[in-house]
Amino acid sequence: MNHERRARLLAQLADGGFHSGEALAATAGISRTAVWKQIQTLRQRGLDIFSVQGKGYRLARPYECLDAGSIQSALPQRQYAPIKVFFELASTNQYLLEQAVQHGEVCLAEYQSAGRGRHGHGWQSPLGAGLYLSIAWRADGLPEPVTGLSLAAGLAVLRALKSCDVPCNGRHGGVGLKWPNDLLCDGRKLGGILLQVRGEVTGPCLLVLGVGINLRLPVQANTKIDQPVTDLAQIIADLPSRNHLAAVLIHELSQCLERYPQQGFAGLRSDWHEHDVLRGRQVTLHLGERRIEGEMLGVDADGALLLGQQDQIQRFASGELSVRISP
């Protein structure tokens with residue numbers, strides 16, 4: 001119920017104008033004290049809300065609420081599974097993994113209270129500051145290692161961003177890819193991909209592919225993130241519509257998931273190399289307690305990492321790996 005009240009309050013405030021506490025209370029069906037409490041919660045979730053005596057409350061800037069109908073209407077003319085939009089979830093990936101979902105079902109949230117990254121790391125998901133989207137897909141088997149699908153999904157996200165006039169030149173500037181699942185711009189993290197599989201990879205399984213992209217992070221969010229980050233507002237002057245970007249992402253990710261079981265990663269390898277921001281750099285690979293240093297040589301036809309050490313090339317495909325630039 002609180003989520004519904006917050007969603008109604010946000011919808012009223014979305015135009016960026018002043019709204020009195022009395023008017024907000026009447027529309028939400030709650031007391032003015034309850035409005036004040038909900039406003040405090042919205043602020044804690046990451047919204048910049050002003051209050052001026054005699055005028056009421058207003059957002060620092062207009063807010064585009066996610067809307068399933070708007071997203072659906074922006075999709076190409078083909079049949080898609082249900083699109084569900086929530087005001088708040090623990091995690092969009094977790095929701096799809098725990099529900100009896102349809103093939104191709106999509107879940108989005110305005111805010112995630114426990115957004116997830118790889119290796120159990122959290123993903124900061126301030127209210128309306130990004131796009132938090134997951135898609136469920138059923139497959140009868142995937143080429144191994146499954147790392148290749150994360151890389152293919154990264155290219156799908158870049159195609160979506162390019163269609164919204166975001167520069168994605170990888171090694172030559174703009175947004176690029178960092179093995180195996182990060183989107184970077186000028187060394188700062190713009191977004192990430194989380195692939196989770198339920199069932200046997202080589203047999204019938206449920207894939208849940210999550211994407212998080214920073215659109216306009218509040219200043220206070222940077223204090224909670226332990227790595228350099230960026231957002232689209234720092235890359236392009238005019239942010240794309242959240243609903244339009246969501247539609248383009250859904251289309252590109254659906255195409256990727258549909259083709260991958262038959263085509264695998266091999267045909268995408270050269271394209272991925274063009275957008276690999278670390279290729280040729282000295283990096284440190286963290287594998288459990290081990291730290292392995294070498295030159296990032298790219299990936300093989302399966303999407304596994306190739307690390308150069310003197311005259312040797314080592315291959316790493318485990319999902320427990322992460323890559324960081326050496327200090």
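Contact here means heavy atoms within 4.5 Å. Helices (H or I, at least four residues) and strands (E, at least two) are DSSP runs, numbered from the N terminus. In these terms, the buried residues of helix 2 pack against helix 1 (2-13), helix 3 (32-44) and strand 2 (56-59).

The model is predicted: local features need pLDDT of at least 70, side-chain atom pairs count only at pLDDT 80 or more, and totals for chains, interfaces and linings use all residues. Residues are numbered from 1 along each chain as its sequence is written, and side-chain values use heavy atoms, with hydrogens and water left out.

**Helix 2**

- Buried means under 20% relative accessible area, exposed over 50%, and partly exposed in between (1.4 Å probe, protein chains only).
- Helix 2 covers residues 21-28, and its buried residues are G21, L24, A25 and A28.
- Viewed down the axis of helix 2, these buried residues fall within an arc of 100 degrees, so they line one face of the helix. The arc is taken from the directions that run from the helix axis to the C-beta atoms.
- E22 and A26, on the other side of helix 2, are exposed.

**Second largest pocket**

- Rolling a probe the size of a water molecule over the atoms shows where empty space is left.
- On a 1 Å grid over the protein atoms alone, a cavity is a set of points where a 1.4 Å probe fits but cannot get out, while a pocket is an open set with protein on both sides within 12 Å along at least five of seven lines; lining residues have an atom within 4 Å of a point.
- Grid points are joined across faces, edges and corners, and a volume is the space filled by probe spheres set on the points.
- The second largest pocket holds about 560 Å³ of space.
- It is lined by 22 residues, of which R61, P62, Y63, G128 and R216 are the closest to its centre.
- The lining of this pocket divides into 13 nonpolar, 4 polar and 5 charged residues. Ala, Val, Leu, Ile, Met, Phe, Trp, Tyr, Cys and Pro count as nonpolar, Asp, Glu, Lys and Arg as charged, and the others, Gly among them, as polar.

**Aromatic pair**

- Rings of Phe, Tyr and Trp (its six-membered ring) pair if their centres lie within 6.5 Å; planes under 30 degrees apart count as stacked, over 60 as edge-to-face and the rest as tilted.
- A search of the whole structure finds 1 aromatic pair.
- The ring centres of F86 and Y95 are 4.8 Å apart and the planes stand at 55 degrees, so the pair is tilted.
- F86 is partly exposed, at 23% relative accessibility, whereas Y95 is buried at 15%.

**Backbone exceptions**

- Most residues other than glycine have a negative phi, and most peptide bonds are trans.
- The peptide bond from E144 to P145 is cis, with omega near -5 degrees. P145 sits in the loop between strand 5 (130-139) and helix 6 (147-163).
- W179 and P180 are also joined by a cis peptide bond, with omega about -5 degrees. P180 belongs to the loop between strand 6 (175-178) and strand 7 (182-185).
- D165, in the loop between helix 6 and strand 6, has a positive phi near 65 degrees. D165 is exposed, at 66% relative accessibility.
- Q310 has a positive phi near 55 degrees and is found in the loop between strand 12 (305-309) and strand 13 (312-316). Q310 is exposed, with a relative accessible area of 83%.

**Buried residues and their contacts**

- S254 lies in helix 7 (residues 242-263) and is buried at 3% relative accessibility.
- E105 is found in the loop between helix 5 (92-98) and strand 4 (106-112), and at 3% relative accessibility E105 is buried.
- I49 is part of strand 1 (residues 49-52) and is buried at 6% relative accessibility.
- I49 and A60 are 11 residues apart along the chain, and their C-alpha atoms are separated by 6.0 Å.
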